[in-house]
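This report considers the disulfide and the nonpolar cores of one protein model. The sequence and structure are shown first.

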Amino acid sequence: VQLQASGGGYVQTGGSLRLSCSASGGTFIRFMGWFRQAPGKEREFVTAFTWSGANTYVTDSVKGRFTLSKDNNNSTMVPQMNSLKPEDTAVYYCASGGELLTIASSYKYWGRGTLVTVSS
């Protein structure tokens with residue numbers, strides 16, 4: 001499975017960014033989504049959907065600001081990030097093959113990170 005992430009960049013507080021992740025080369029188990037890692041912090045769960053596409057999950061800190069959309073083949077997912085805050089600054093990673101929703105180590109496949117910087 002290959003994951004190709006794009007998007008990210010620099011934005012001021014209150015701005016918006018859109019990331020994208022395209023997956024190819026395999027099937028997916030349970031969860032596919034995004035994590036982020038800020039400098040000096042552990043990688044944390046942001047948002048994901050189930051393989052069936054029936055359910056989407058968003059961590060509390062971004063609820064109401066981030067939405068996750070996907071195509072019908074579950075091969076491309078796009079988190080739309082609105083009302084960005086400086087604390088959203090991090091490297092964002094897309095991941096698939098997750099067994100446990102919020103546990104990064106349970107995800108088998110990872111894309112290269114993309115940096116999101118939100119200035120105050």
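## Disulfide

This predicted model holds one disulfide. A disulfide is a covalent bond between the sulfur atoms of two cysteines. Here cysteine 21 is joined to cysteine 94, with an S to S distance of 2.2 Å. The link of cysteine 21 and cysteine 94 is right-handed, with 60° about the S-S bond. Because cysteine 21 belongs to strand E4 and cysteine 94 to strand E10, the pair ties together parts that are 73 residues apart in sequence.

Are the two cysteines buried or exposed? Cysteine 21 has a relative accessible area of 0% and is therefore buried, the cut-off being under 20%. Cysteine 94, at 0% relative accessibility, also counts as buried.

## Largest nonpolar core

The largest nonpolar core comprises 23 residues. Within this core, Trp34, Met77, Met81 and Tyr92 have the most contacts. Several strands give two or more residues to the core, including E1 (2–6), E4 (20–24), E5 (31–37) and E6 (44–50). Strands E8 (66–70), E9 (76–81), E10 (90–98) and E12 (114–119) are also among these contributors. Strand E10 gives the most, with three residues.

## Surroundings of methionine 77

Leaving aside residues up to four places away in sequence, methionine 77 touches both Cys21 and Cys94, the two cysteines of the disulfide. Its other contacts include Met32, Trp34, Phe49 and Leu68, as well as Ser20, Gly33, Lys70 and Ala95.

Note on methods. Residues are numbered from 1 along each chain as its sequence is written. This is a predicted model: local features need pLDDT of at least 70, side-chain atom pairs count only at pLDDT 80 or more; totals for chains, interfaces and linings use all residues. Side-chain values use heavy atoms; hydrogens and water are left out. A nonpolar core is a set of buried Ala, Val, Leu, Ile, Met, Phe, Trp, Tyr and Cys residues joined through side-chain atoms within 4.5 Å. Buried means under 20% relative accessible area, exposed over 50%, partly exposed in between (1.4 Å probe, protein chains only). Helices (H or I, at least four residues) and strands (E, at least two) are DSSP runs, numbered from the N terminus. Contact means heavy atoms within 4.5 Å. A disulfide is a pair of cysteine sulfur atoms within 2.5 Å.
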